[in-house]
Amino acid sequence: NAAKEQFPKILFFLLPVFALLLKLLYVRRNYFYSEHLVFSICFYNFFYFAGSLMMLAGLASSLDWLSTIIGWGIYIYLLFSMKRMYGQGWGKTIAKFLLFSFGFMFCSVIGFSIGMLAVLMIL
C-alpha cells in the first residue's frame, strides 16, 4: 500500500527527466528545454487520463482486454506525438522513440528503486 502511494510522487519527479531525455535526443533541433517540458506535461496529462480509464476498465473483469488496448495506446500515442512535435521522418522518429523508451525505462527503474528504498526506510 505504501508503494502505491509513492507512484504519483515518483512520476512527478521523473517529469523533468522525461523532458531532459527529449532535449538530449533532439539537441540539434532548436528547441528550448521548456518546450520539451511543455510537451512532457501534455503527454503526462494524456497518460494520467488514459491510466484513469484503465483503472475504470479494471473494475469490470470483462473489460480486462480494454486495459491492455489502452496501455498499448499510451505507448503508440507517444510515438505519434513525437512524430508530430519534432517533424522528423518515421525512421528517425522510431529510432529516437526506441532510444527514449529505453532511457526513460532505465531512469524509471532507478526512480522507483529509490522510492521503494524510501518506503522501506520509513517502515
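What share of the 123 residues of the protein counts as buried? I looked this up first: 32% do, where buried means under 20% relative accessible area, exposed over 50% and partly exposed in between, using a 1.4 Å probe and protein chains only.

**Ground rules.** I am working with a predicted model, where local features need pLDDT of at least 70, side-chain atom pairs count only at pLDDT 80 or more, and totals for chains, interfaces and linings use all residues. I number residues from 1 along each chain as its sequence is written, and side-chain values use heavy atoms, with hydrogens and water left out.

**Overall layout.** I found 4 helices and 0 strands, in the order α-α-α-α from the N terminus on. Helices (H or I, at least four residues) and strands (E, at least two) are DSSP runs, numbered from the N terminus. The C-alpha trace spans about 45 × 40 × 20 Å along its principal axes. I also checked contacts, meaning heavy atoms within 4.5 Å: among those between residues at least 6 apart in sequence, 60% join residues at least 24 apart.

**Helix H4.** Next I turned to H4, residues 90–122. Its 33 residues should span 48 Å at 1.5 Å a residue, and the end C-alpha atoms are 46 Å apart, which agrees; the expected span is 1.5 Å times one less than the number of residues. I noted several buried residues in H4, including Phe-97, Phe-100, Gly-103, Phe-104, Gly-111 and Gly-115. What covers the buried residues of H4 includes H1 (2–25), H2 and H3 (64–86).

**The core.** I then looked at the largest nonpolar core, which has 23 residues. Such a core is a set of buried Ala, Val, Leu, Ile, Met, Phe, Trp, Tyr and Cys residues joined through side-chain atoms within 4.5 Å. Phe-18, Leu-22, Tyr-44, Leu-78, Met-82 and Phe-100 have the most contacts inside this core. H1, H2, H3 and H4 each supply at least two of its residues, and the largest share, 8 residues, comes from H1.

**Two residues up close.** Leaving out residues up to four places away in sequence, I see Phe-18 touching Ser-40, Phe-43, Tyr-44, Leu-78, Phe-100 and Phe-104. Is Ser-40 buried or exposed? I have it down as buried, because its relative accessible area is 0%. With the sequence neighbours up to four places away left out again, Ser-40 touches Leu-15, Phe-18, Ala-19 and Leu-22.
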